[in-house]
Amino acid sequence: MKVIPISASAGITGFESPAADYKQLPLSLDELLVEHPSATFIGQASGNSMQNIGIFDGDILIVDRHVSVKNQDVIVANYNGCFVCKIIDTYRRLLLSASDEHLPVTIHEYDQFSVEGVVVRSIRCHRPSPLLTKGAGRSES
C-alpha cells in the first residue's frame, strides 16, 4: 500500500437538472467519505490479495484511525516494517487475504505489528490521476 500525501478535500455540487422538477443538492466528498478528518489518511492498494472483497490494485483506501478494530475488519497495518491491507481475525491473531492465492499470516508475539487504521471506504479510479503518480513507494496489499 502507498500512503498518498494529499489532504482529503474535494467539494462537488450537482449539475443543473434538465428536468425542472428536480432539486440539486450540494455533495461534499469530504462529508460523504471522511467521518473523522483529523484521524483519517488515504492510501493506495497494491497487489491482488484483497480482490475478492472488491479492493483491487491501484484502488484508493480511506483509512480511519479513530474507528475501533473489530473482528473481520479490513485494516491497514504495519507488519514487520511493511504496510499491508488485510482482513484481521482478532480471535486467531491472523491476517487474512481476500484471494485464494495468499495464505493466512499468523501474528506472532515476536512480530512487529500495529494496526494503523480501519479501511472504511475504497475508491476505484477509472482513469489515471496525476496526483497518484507522485509520492512514496508502494508496499504489498
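Visitor: What is the mean pLDDT of the chain, and what share of its residues reach 70 or more?

Guide: The mean is 84, and 77% of the residues reach 70 or more. Over residues 6-14, however, the pLDDT is below 50, although this stretch has 17 contacts in the model beyond near neighbours in sequence. Where pLDDT is low, the predicted coordinates should not be read in detail.

Visitor: Why is Ser99 called buried?

Guide: The relative accessibility of Ser99 is 6%. Buried requires a value under 20%, so Ser99 counts as buried. Ser99 belongs to the loop between β8 (94-96) and β9 (105-106). Leaving out residues up to four places away in sequence, Ser99 touches Asn48, Ser49, Gln51 and Asn52.

Visitor: Why is Leu32 called partly exposed?

Guide: Leu32 has a relative accessibility of 46%. Buried means under 20% and exposed means over 50%, with partly exposed in between; Leu32 therefore counts as partly exposed. Leu32 is part of helix α1 (residues 29-33), and its contacts, apart from neighbours within four places in sequence, are with Leu27 and Arg121.

Visitor: What makes strand β5 mostly covered?

Guide: Five of the five residues in β5 (residues 60-64) are buried. Ile60, Ile62 and Asp64 point one way from the strand, while Leu61 and Val63 point the other way. In a regular strand the side chains alternate between the two faces of the sheet.

Visitor: How do you know that β5 pairs with strand β4 and with strand β10?

Guide: Pairing requires at least two bridges between two strands. Strand β4 (residues 40-44) and β5 have five bridges and are antiparallel. Five bridges also join β5 to β10 (residues 113-123), again in the antiparallel sense.

Visitor: Which residues touch the most other members of the largest nonpolar core?

Guide: Within this core of 14 residues, they are Met50, Ile55, Leu61, Val74, Cys85 and Val119. The elements giving two or more residues to the core are β5, β6 (74-79), β7 (82-89) and β8. A second, separate core has eight residues, among them Ile75, Ala77, Tyr79 and Val118. In soluble globular proteins, nonpolar side chains tend to be buried together.

Visitor: Which residues does Ile55 touch, not counting those up to four places away in sequence?

Guide: Ile55 touches Ala45, Met50, Leu61, Val74, Cys85 and Ser122.

Note on methods
Residues numbered from 1 in each chain as written. Predicted model: local features only at pLDDT ≥ 70, side-chain atom pairs only at ≥ 80, totals over all residues. Heavy atoms only, no water. Buried < 20%, exposed > 50% of the residue type's maximum accessible area, 1.4 Å probe, protein only. Helix = DSSP H or I, 4+ residues; strand = E, 2+ residues; numbered from the N terminus. pLDDT = per-residue confidence, 0-100. Contact = heavy atoms within 4.5 Å. Core = buried A, V, L, I, M, F, W, Y, C linked by side-chain atoms within 4.5 Å.
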